[in-house]
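The stops below go from charged pairs to a sheet and the helices on it.

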Amino acid sequence: MSIVEDAKQAVQGAVQGVMQKAIQMAPDSFMPGGKPDPLIRQQHGHIGKPISRLDGPIKVRGEATYAAEFPLDGMLYAALVFSTIAKGRVAALDTDAAEAATGVELVMTYRNAPRMAPMPLFLTSEKACGGNDLPIMQDDRISWNGEPVALVLAGTQEQADHAASLIAIEYEAEHSVTAMAEAKAKGTEPGNFMGQPLQFATGDAAAALAAAAHSVDRTYTTPRHSHNAIELHAATVAWQGDTLRVHDASQMVAHMAWSLGHVFGLSEDKVHVTSPFVGGGFGSKGLWQHQVLAAAASKLSGRPVRLMLSREGVYRIVGGRTVTEQRVAIGASEDGRFDALIHTGTTAMSRHNVLPEPFILPTRSAYAAGSMTLDVEVAYLDMVANTFMRAPGEAVGTFALESAIDELAVAMDIDPIELRLRNEPDKDPTTGAPFSSREIEKAYRDGAARFGWADRGAPGSRREGEWLIGTGVATATYPYYRMPGGAARITLSREGHATVDIAAHDMGMGTATAQTQVAADRLGLPMEQVTFRYGDSTLPGVVMAGGSQQTAAIGASVMAAYRDLVTELLKLAGNDSPLAGLDADEVVGVDGGLAKTDDRTRHESYASILSRAQRDEVVVEATPPAPLETMHWSMHSHGAMFCEVRVNAVTGEVRVSRFLGSFDCGRILNPKTAASQFRGGIIMGLGLALMEETQFDERNGRIMNPSLAEYHVPVHMDVPEIDVIWTDIPDPHTPMGARGVGEIGITGVGAAVANAVFNATGKRVRDLPITLDKLL
């Protein structure tokens, strides 16, 4: 990042800090969420029912069309060739054999690629979503080991793959920084995340730590992690005149349209991106080089193009979670209350992206402390640009924080749950804002009772044959976000059918189902009378499926559109209606129409209102207010993670035998889809704890295990039956009373497993993953 960009972000951060103080001081009634969503009071509608996913039947019938399944006439198939050096230039390039191979229509390199602007870097503007800001196949320069250097188009995928293997490339390597030690020796810089500095200090934490009656001071490390969504990254693209049509696997269709327009010099209305089905994203399915290259190759060849990355291709050009080295030091008084809390360390990233792993995020709000020092420093490597990965910051930050708390509990001989609850804050420790809702104590009490925490023994005290048995616990936490840019359109027909349009996404988590439930309850309609349309950049709104914020973004957008719809319907109803004289705040959607909130006899159906007004339909579109509630209140989901492990005393093998997640995420909109999200996050957390590691060759910057044969993720034998419970206490300041559930499931899991392993064996593992060599 340039000095100018650094200064710009610093100014933005300072302005945002001043703004946050002013917003905190404003009356609650001035804030979005200051008046609870009326749906919170409704307890007997569609919300809260375990309804199966509406897209389930077409998926099991194989009728759901994913990005690599759109059939286009005359389509060509693409294959990529990746660089094998971390920095330098292409010295020689021979494509003759590839161009002569059977079925080949085009070989594209920097020599003949269309002129393109770099991708707008994610977070640098509202709609930017590029994974890096490097030129794409515009010159002979190499910036990381794995950068695409050639693309082949052929009539079949097999022909393209074979021809790509025939391209001969020689490189002129330059010195690259691919070792963490060298990167740190060259100097680190303060981290910045989403416009905010990753530094905070209050009091003299170092002095308080030195004077504390009890303390721990430990270093924890986490490795790189690579994305492994079931659906590989893919795009099917075609130029229709001067319009670029893209079928993509995307978490951000509106952002994609704008960003691709920037690359090719088009207005965003000339780029149409659709993404109706996505087989998992987890932060990875933004804009990377493969979509741009597919569009460039389509432009050059004049034919539609399909480019689906191989599993190796995903590892080479799609970023993942980057490495961290974290220090956590806690000083406590005799009663266990924290006098000092220090969480600092270093993470690595490239100079071509803006996403350091923000591992201090959970520590900012999790516990009260007399003094606190938080700091993330960034070291720069010549590597593939890292990116968001499920619960960025929290997933690995909770491993370090919650492991250190367990170490302190053991040193003080205090129950780990009790130590945590003794340090519950009454307000946000870093901002001073009140919590919108915080029911973590209930989550812990309920979870402990259900899990049987009281039966826990001392470290190494439980054994069955060769198997040592232990239990551990950790706090899970993830913020409530609602990003700006939401908008929704509601079309209500005379027949009483509503269509809700918003450029949102469903990556398999049941968004369309839950939002149909919500819209049906808000409008007072049966679910079969509501259609929820999404996954298309031509629909309203700039909504990203990330940060567990999409539910809130959609909810707030539909709330705004519904209010405008009601206002319009009341105008149409006129003075002859039972609703005459009422305004939008005095009515509610019920029984296929509107009724006075406290007098349901004053009711008129939508069909009656539109028929009398001689209207076939009413269409409204609205944008919700800016998400000021996130500055006025401290808003977080929480959980208590309970784990039981068995460790083989002979081989060191670790098996997770039981797991319980007890969550406080506000109101649960659909218990069936939410439970699936919680369990999916926990399973991903088990991978983080026990096996996931991107092996990065520090000699040349090459990822050495780019396949699921060598990069291990949990399979059925690794996963026990996972129990999940929740408080289901609505947050009064969020749409529907709900907070996101997509990412909190992974947080705290690494520490819960590590703490259970210690309880089983007496050995403390501070470096993930917890492999058997670290226990023998």
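Select Arg 563 and Asp 585 to begin: in this predicted model, their side chains form a salt bridge with N and O 2.5 Å apart. The two residues are 22 apart in the chain, with Arg 563 in helix H15 (residues 550-573) and Asp 585 in the loop between H15 and strand E24 (587-590). Is Arg 563 buried, exposed or partly exposed? Arg 563 has a relative accessible area of 41%, so it is partly exposed. Asp 585 is also partly exposed, at 45%.

Next, select Arg 321 and Glu 357. These side chains meet in a salt bridge as well, at 3.1 Å from N to O. Both positions are in loops: Arg 321 between helix H9 (311-317) and strand E16 (324-332), Glu 357 between strand E17 (338-349) and helix H10 (363-366). The pair links parts of the chain 36 residues apart. Arg 321 is buried, with 2% relative accessibility, and Glu 357 is buried too, at 2%. The cut-off for buried is under 20%.

Move on to Arg 218 and Glu 407. Their closest N and O atoms are 3.0 Å apart, which makes a salt bridge. Arg 218 sits in strand E11 (residues 214-222) and Glu 407 in helix H11 (residues 394-412), so this pair ties together parts 189 residues apart in sequence. Here the accessibilities fall in separate classes: Arg 218 is partly exposed at 32%, whereas Glu 407 is buried at 7%.

The model's salt bridges come to 41 in total.

Now hide the side chains and switch to a cartoon view for the sheet. Which strands make up the open sheet, and in what order? The order is E3-E5-E1-E15-E12-E13-E14, 7 strands with mixed pairing. Strand E3 (104-108) and E14 are the edges, each pairing on one side only. From one strand to the next, the twist averages 20 degrees.

E3 runs antiparallel to strand E5 (residues 148-154), and 4 bridges join them.

Go across to strand E13 (residues 243-248). Of its 6 residues, 5 are buried, so E13 is largely enclosed by the rest of the structure. Strand E12 (residues 234-240) runs antiparallel to E13, joined to it by 6 bridges. Ala 235 stands opposite Asp 248 in E13. The hairpin of E12 and E13 has 2 residues between the strands, and Gly 241 takes a positive phi near 65 degrees there.

Last, select strand E14 (residues 271-274). E14 pairs with E13 in the parallel sense over 4 bridges, and His 272 in E14 is the bridge partner of Arg 245. To see how the chain gets from E13 to E14, follow helix H7 (residues 253-264): the β-α-β crossover through H7 is right-handed. H7 lies across E12, E13 and E14, at about 145 degrees to E14.

Methods. Residues are numbered from 1 along each chain as its sequence is written. This is a predicted model: local features need pLDDT of at least 70, side-chain atom pairs count only at pLDDT 80 or more; totals for chains, interfaces and linings use all residues. Side-chain values use heavy atoms; hydrogens and water are left out. A salt bridge is a side-chain nitrogen of Lys or Arg within 4 Å of a carboxyl oxygen of Asp or Glu. Buried means under 20% relative accessible area, exposed over 50%, partly exposed in between (1.4 Å probe, protein chains only). Two strands pair if DSSP finds at least two bridges between them. A crossover is right-handed if, with the strands pointing away from the viewer, the path from the first strand over the helix to the second runs clockwise. Axes are lines fitted to C-alpha atoms, for helices over the stretch in contact, and angles run from 0 to 180 degrees between N-to-C directions. Contact means heavy atoms within 4.5 Å.
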